[in-house]
Amino acid sequence: MIFKVHFRGAIAVAAAIVGLVTLAAPVRADQCDDIAKQLAGGIDGLKVNFKAANIIYLTHPAAKELSLGCSAQGLAYSNELYAKGDRKPTPKFFDLVASASAITFTLPKDDTTTGATRCLKRMGLLRGDKITMRYKRLNMECTRTKTEAAITITRPKDE
């Protein structure tokens, strides 16, 4: 019993299988782009500017600088939210940071509001101009200069 292999038929079947696999696989956008779109849709006045490397730059009237950093090879965090405002942050700035971190890290807005306000309000004469704290499995680092205050919120990859 000798089997004859028809190469044209085998190639056609292989091409059909490869075509079905590529068409069946969903086309996924970057997770960071998805989060940026959710932020733009969930927060009034927030606009997505551009993406450079693993950072998406955003704009909002309540913040001087706003960016979303996404995980890359070798980084210890999964996502990072950075916001910079005036030295004395306004309630709009607190609300922006709380809303953005709630969407980015999928936590309740009340929890992120509490964490951000604690971090930003702890800076002062007694504790200094750089505060590092942990709240609800988020790492928060607040810094201030003579004219600006900034907050960086990250979540470690292992959590």
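**Salt bridges**

Begin with the charged side chains: the structure holds eight salt bridges, a salt bridge being a side-chain nitrogen of Lys or Arg within 4 Å of a carboxyl oxygen of Asp or Glu. This is a predicted model, in which local features need pLDDT of at least 70 and side-chain atom pairs count only at pLDDT 80 or more, while totals for chains, interfaces and linings use all residues. Residues are numbered from 1 along each chain as its sequence is written, and side-chain values use heavy atoms, with hydrogens and water left out.

Select Lys84 and Glu65. Their side chains meet in a salt bridge, 3.3 Å from N to O. Lys84 sits in strand S4 (residues 77-86) and Glu65 in strand S3 (residues 65-70), so the pair links distant parts of the chain, 19 residues apart. Helices (H or I, at least four residues) and strands (E, at least two) are DSSP runs, numbered from the N terminus.

Now compare how much of each residue is covered. Buried means under 20% relative accessible area, exposed over 50%, and partly exposed in between, with a 1.4 Å probe and protein chains only. Lys84 counts as buried at 15% relative accessibility, whereas Glu65 is partly exposed at 39%.

Glu148 is partly exposed, with a relative accessible area of 23%.

Next, select Lys109 and Asp95. Their salt bridge has its closest N and O atoms 2.6 Å apart. Lys109 belongs to helix H4 (residues 109-122) and Asp95 to helix H3 (residues 91-105), so the pair ties together parts 14 residues apart in sequence. Lys109 is partly exposed at 37% relative accessibility, and Asp95 is partly exposed at 39%.

To end this stop, select Lys64, Glu65, Lys84, Asp86 and Glu148 together: salt bridges that share partners join them into one network.

Move to strands S1 (residues 47-52) and S2, which run antiparallel and are joined by five bridges; two strands pair if DSSP finds at least two bridges between them. S1 and S2 form a hairpin with two residues between them, and Ala53 in the turn has a positive phi of about 60°. Select Ala52 to find a bridge whose partner in S2 is Ile55.

Ile55 lies in strand S2 (residues 55-59) and counts as partly exposed at 32% relative accessibility.

**Disulfide**

Last, select Cys119 and Cys142, which form a disulfide with their sulfur atoms 2.0 Å apart. A disulfide is a pair of cysteine sulfur atoms within 2.5 Å, and by this rule the count comes to one. Cys119 is in helix H4 and Cys142 in strand S6 (residues 138-144), a link between distant parts of the chain, 23 residues apart. The torsion about the S-S bond of Cys119 and Cys142 is about 135°, so the disulfide is right-handed. Both Cys119 and Cys142 are buried.
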